Amino acid sequence: MAAPALVKLENLKKHYPRRSSWFRRSTGEVKAVDGISLELYAGETLGVVGESGCGKSTIGRTLIRLEKPTEGRIRFEGADITHLSSRKLKPYRRKMQMVFQDPFASLNPRQRIDDTLEEPLTIHQMLDKRARRERVWELLDEVGLDREHGERLPHEFSGGQRQRIGIARALALNPSLIVCDEPVSALDVSVQAQILKLLKSLQQKRGLSYFFISHDLGVVRHLCDRVLIMYLGQAMELASAFTLFREGQHPYTQALLSAIPRPVPGKKRERILLKGDLPSPSDPPSGCPFHTRCPEVRSVCRERRPEWKEIAPGHRIACHAR
Amino acid sequence: MTTSAATTTETPSVSQTKTGIRFWRRLCRNRLVTVGLVIIALQLFTAVFAPWLTTYDPTAQDLAVKELPPGSEGHWLGTDEYGRDMWSRLVYGSRISLLVGISSVVLGLVGGVVLGLLAGYYRWLDGPIMRLVDLMFAFPGILLAMLVIAMLGTRLINVVIAISIWSVPTCARIVRGSVLSLKDREYVQALRSMGAGDGRILFKHLLPNCAAPIIVFATMRMATAILSTSALSFLGLGAQPPTPEWGAMIAAGRDYMWTAPHLTIIPGVAIMLVVFAFNVVGDGLRDALDPHMDVTYES
């Protein structure tokens, strides 16, 4: 991985102010993302895994600047896009797109599919009217839909088909990065497989990078090159999918892995059960955020936030016990 | 290439008419709504073709035939205290009430929609705009109208202004509510991630998606606007005699209640029917546009 990173996040933070209803006084912050650093390389799929509310969607949204980061830096192709105005950001918007979780909310219910797909081209004033229509047909074809489907409205499609349309819309501007925010979690298992296959073949054909947010370890294992494990807005472990699923080091990773159902009867893996509830991100524990539930907790865990250290090439972990 | 281009332009119109027909069928399922639609259509018809439907000038006096009862020869709805033909006055009156109704509702909608869109979409504008709206709500409608008319004078156009101002806050609240519920939808975020401007998002995507409550509001507000115009004219604040306005007609006919009751009954019934029609159609539209009955959820 000597190539320069496509995206580089440096100590990215996104805190949401919490205001009381009385006179909008600030009463603290929700630390949705609290200091994440990572690189995403061209052509790879980086999976981001974590429980709901751990900030994985927020990273994705901040990465493509749907949200303004509170602190830290976002570099895209080497350029700092952290504080660009919306006008200066526009050329970068073409290169990073998003596929959303809910296929029923991600399409304008009153807009025909071909108009939905044409809109990004219109916004960026690409091609003339006729060429845009042809491009729309190409896109439909690329995601496995017919030309006639373009004349319909979103409600005439199934969830899987809508997700295909969402993917086509993301592809319209020829991006190099697509943030996939749980793109298959709202779909039936059989349809999930089709969509994942589609994502994979598109990646091979176009050399796309995916920032793949998911809570489904099976899906991540199937699709991703590298995986980031998150907990309460912080990074716990980052490694290649192969390494992580075989020998994940972090106690939280191990607990997650032990929860994957095994298809082999008789062969049991010891289940690591986490005690207690997920702490509130508005009042995260001191030190390591995981210490309240960690089976291997030490006294230092309560006091100091662990370093984000590299224990093997490309394998990073934040844990005092390792 | 050309053949496929031709098919793309044809097929959608087919599917659109299909949903259009389905919508009409759902709207007319309620018999009362059909009655209301017929009344509105009749009013529109008489308003547009008033000169062809009447033989007398609505303001022409003929004291030789004053206070004729309905059914008299040549004046089938009778004549008023100055011998003016009641039918002509009624027909031209429908023109006025429709014109005032439509223009005040349209003006009010423009103001309310713009304020509502801005308040719903921009968080920093929400507070100031909604407090302004609260302020406007605090004035009773008729009092506000009297204030405007006292400042600008008793003319029908000022009635339009007064009623439209009074429609603004309700409309702004409706639109703001819809925008608040829509602006965080994922398709709006997708647009933002593509680099779409706020204008495009607001007017091309959010506004059409909150059209349903706006249409219902506009229809209902037509009824109140027509009623308020008549009320203001009845109080002598709107149309001035000899203008054939329904409220003014009732006011003038008051003194002849015992000798010529048709002078008050006829315009009164006309107001009642029209207001009833717009209310019923508004109700029907609300049911027909209800998302839970929408085709989106049927499939």
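Tutor: Start with a definition: a polar contact is a pair of N or O atoms within 3.5 Å; within protein, one must be able to donate a hydrogen and the other to accept it, and residues adjacent in sequence count only if both atoms are side-chain atoms. This is a predicted model, so local features need pLDDT of at least 70 and side-chain atom pairs count only at pLDDT 80 or more, while totals for chains, interfaces and linings use all residues. Side-chain values use heavy atoms, without hydrogens and water.

Student: What makes the pair Asn108(A) and Asn209(B) a polar contact?
Tutor: The side chains of Asn108(A) and Asn209(B) are joined at 2.8 Å. The cut-off is 3.5 Å, so the pair qualifies.

Student: Why is Asn108(A) called buried?
Tutor: Buried means under 20% relative accessible area, exposed over 50%, partly exposed in between (1.4 Å probe, protein chains only). Asn108(A) has 4% relative accessibility, so it counts as buried.

Student: Where is Asn108(A), and which residues is it in contact with?
Tutor: Asn108(A) sits in the loop between S6 and H3 of chain A. Helices (H or I, at least four residues) and strands (E, at least two) are DSSP runs, numbered from the N terminus. Contact means heavy atoms within 4.5 Å. Leaving aside neighbours within four places in sequence, Asn108(A) is in contact with Pro154(A), Tyr187(B), Lys204(B), His205(B) and Asn209(B).

Student: Gln101(A) is in the loop between S6 and H3 too. Why is Gln101(A) called partly exposed?
Tutor: Its relative accessible area is 32%. That value falls between 20% and 50%, so Gln101(A) is partly exposed.

Student: Which residue has a side chain joined to that of Gln101(A) by a polar contact?
Tutor: Ser185(A), at 3.1 Å. Beyond four places in sequence, the contacts of Gln101(A) include Asp181(A) and Glu186(B).

Student: What makes Arg200(B) and Glu119(A) a salt bridge?
Tutor: A salt bridge is a side-chain nitrogen of Lys or Arg within 4 Å of a carboxyl oxygen of Asp or Glu. The closest N and O atoms of Arg200(B) and Glu119(A) are 2.6 Å apart, so the pair meets the definition. The count between chain B and chain A is two salt bridges. There are also 13 residue pairs in polar contact, both residues at pLDDT 80 or more.

Student: Which element gives the most to the side of chain B that touches chain A?
Tutor: H8(B), with eight residues. In total, 26 residues of chain B are in contact with 32 residues of chain A.

Student: What makes a set of residues a nonpolar core?
Tutor: The members are buried Ala, Val, Leu, Ile, Met, Phe, Trp, Tyr and Cys residues joined through side-chain atoms within 4.5 Å. The largest such core has 63 residues; Val175(B) and Trp246(B) are among those touching the most other members. Helix H12 (residues 262-289) of chain B gives this core its largest share, 12 residues.

Methods:
Residues are numbered from 1 along each chain as its sequence is written. Chains are lettered from A and ligands numbered from 1 in the order in which they are written.
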